[in-house]
Amino acid sequence: MAGDLSLGAGVTLTGTVAVPGRAVIDGTLEGTLTARDVLVGHAGKVSGTLEADTVELQGEGPATLTARVSLVVRSTGRVSGTVRYGRLEVEPGGQLQGDLAPLVNAATITLAPPPAAAGGGSGGGSGGKKR
């Protein structure tokens, strides 16, 4: 789609990148990335600064990350540094550490249920806790 960026595995891009749409990072981006939506894939790595409305981390996030609307750290995702978010979701196994703070007082933190508990089922029994 026009205004989108896809950085493939094995590709390294260094510098300041502004993407009006969605950025999918499966390679390495060193520098500053600003976009509407960002997906850092399993093999992806962003070092430096990342700012977007929504960020999904399956790979490695930068030292400074701002997700104005939402940040989702998948089970394979990891970020360590200064992290600001509107809404935060961390799957079991996802790694998030450092200076963490919501952008607004009403931020929501969601702990995703383990994959086994996220299955269909009838809603009864010993599934995950509802918050």
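**Entry 1: the core**

I began with the largest nonpolar core, which has 24 residues. The residues with the most contacts inside this core are Leu33, Val38, Leu50, Val55, Leu57, Leu65 and Leu71. I then looked up which elements give two or more residues to this core, and found β2 (12–25), β3 (28–40), β4 (45–57), β5 (64–73), β6 (78–85) and β7 (87–90). For my own record, a nonpolar core is a set of buried Ala, Val, Leu, Ile, Met, Phe, Trp, Tyr and Cys residues joined through side-chain atoms within 4.5 Å. Buried means under 20% relative accessible area, exposed over 50%, and partly exposed in between (1.4 Å probe, protein chains only).

A note on the source: this is a predicted model, in which local features need pLDDT of at least 70 and side-chain atom pairs count only at pLDDT 80 or more, while totals for chains, interfaces and linings use all residues. Residues are numbered from 1 along each chain as its sequence is written, and side-chain values use heavy atoms, with hydrogens and water left out.

Next I asked myself what Val38 is in contact with, leaving aside its neighbours within four places in sequence. Val38 is in contact with Ala23, Leu33, Leu50, Ala52, Thr54, Val55 and Glu56; contact here means heavy atoms within 4.5 Å.

**Entry 2: the overall layout**

I noted 0 helices and 9 strands, so I had the definition to hand: helices (H or I, at least four residues) and strands (E, at least two) are DSSP runs, numbered from the N terminus. Along the sequence the pattern reads β-β-β-β-β-β-β-β-β. Of the 131 residues, 34% count as buried. Among contacts with a separation of 6 or more, residues 24 or more positions apart account for 2%. The accessible surface comes to about 7,100 Å², and 52% of that belongs to carbon and sulfur atoms; accessible areas come from the Shrake-Rupley method with a 1.4 Å probe, and for residues only the protein chains shown count as cover.

**Entry 3: salt bridges**

How many salt bridges are there? I have 8, taking a salt bridge as a side-chain nitrogen of Lys or Arg within 4 Å of a carboxyl oxygen of Asp or Glu.

I looked at Asp37 and Arg36, whose side chains meet in a salt bridge (2.7 Å, N to O). Asp37 counts as buried at 15% relative accessibility, and Arg36 as partly exposed at 38%.

Arg68 and Asp53 also pair through their side chains (2.9 Å, N to O). This pair links distant parts of the chain, with Arg68 in strand β5 and Asp53 in strand β4, 15 residues apart. Arg68 is partly exposed at 35%, and Asp53 is partly exposed at 24%.

Then came Glu56 and Arg74, with a salt bridge of 3.0 Å, N to O. Glu56 lies in strand β4 and Arg74 in the loop between β5 and β6, so the pair ties together parts that are 18 residues apart in sequence. Glu56 is partly exposed at 22%, and so is Arg74 at 24%.

**Entry 4: a glycine**

Last, I checked Gly15, which lies in strand β2. Gly15 is partly exposed, with a relative accessible area of 26%. Not counting residues up to four places away in sequence, Gly15 touches Glu30, Gly31 and Thr32. The C-alpha atoms of Gly15 and Glu30 are separated by 6.4 Å, with the two residues 15 apart along the chain.
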